[in-house]
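Hello,

Here is the structure I promised to pass on. Could you take a look at it, and then read my notes below?

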Amino acid sequence: MYEAFVLVCLVGKPMADEFCNQLQDIRGPYMTHDQCLTRVYEIQRDLPLYKPSMEARAYRCDKFTPQTEKQRTW
């Protein structure tokens, strides 16, 4: 299973922490990598409707790790 992430940045700004945010999809996880990619493309397509000053710069489809297995780093 895979979960989708999209890196979005302010239009015209460099790819730096102060100008970018990582969006995590709340619909997934997805059974296949291709389904995850389809969702990434949907997020990218709909981004101007919800965040018109942002543009997608990168994405990831990571293997899903259940919340109980994730380690806190803080």
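A disulfide here is a pair of cysteine sulfur atoms within 2.5 Å. In general terms, a disulfide is a covalent bond between the sulfur atoms of two cysteines.

Before the findings, a word on the basis: this is a predicted model, in which local features need pLDDT of at least 70 and side-chain atom pairs count only at pLDDT 80 or more, while totals for chains, interfaces and linings use all residues. Residues are numbered from 1 along each chain as its sequence is written, and side-chain values use heavy atoms, with hydrogens and water left out.

**The disulfides**

There are 2 disulfides in the structure. With the bonded cysteines numbered in sequence order, they pair as 1-2, 3-4.

Let me start with Cys 36 and Cys 61, whose sulfur atoms lie 2.2 Å apart in a disulfide. This pair links distant parts of the chain, 25 residues apart: Cys 36 belongs to helix α1 (residues 33–50) and Cys 61 to strand β3 (residues 54–63). Helices (H or I, at least four residues) and strands (E, at least two) are DSSP runs, numbered from the N terminus. The link of Cys 36 and Cys 61 is left-handed, with -100° about the S-S bond.

How accessible are these two cysteines? Buried means under 20% relative accessible area, exposed over 50%, and partly exposed in between (1.4 Å probe, protein chains only). Cys 36 counts as buried because its relative accessibility is 0%. Cys 61 has a relative accessible area of 14%, so Cys 61 is buried as well.

The other disulfide joins Cys 9 to Cys 20, with an S to S distance of 1.9 Å. Here too the pair links distant parts of the chain, with Cys 9 in strand β1 (residues 2–10) and Cys 20 in strand β2 (residues 20–24), 11 residues apart. The link of Cys 9 and Cys 20 is right-handed, at 100° about the S-S bond. Both Cys 9 and Cys 20 are buried.

**The strands around them**

Two strands pair if DSSP finds at least two bridges between them. β1 pairs with β2 in the antiparallel sense over 5 bridges, and Val 6 has Leu 23 in β2 as its bridge partner. β1 also runs antiparallel to β3, joined by 9 bridges. In that pairing, Ala 4 stands opposite Cys 61 of β3, the cysteine that bonds to Cys 36. β1 itself is mostly covered, with 7 of its 9 residues buried.

Best wishes
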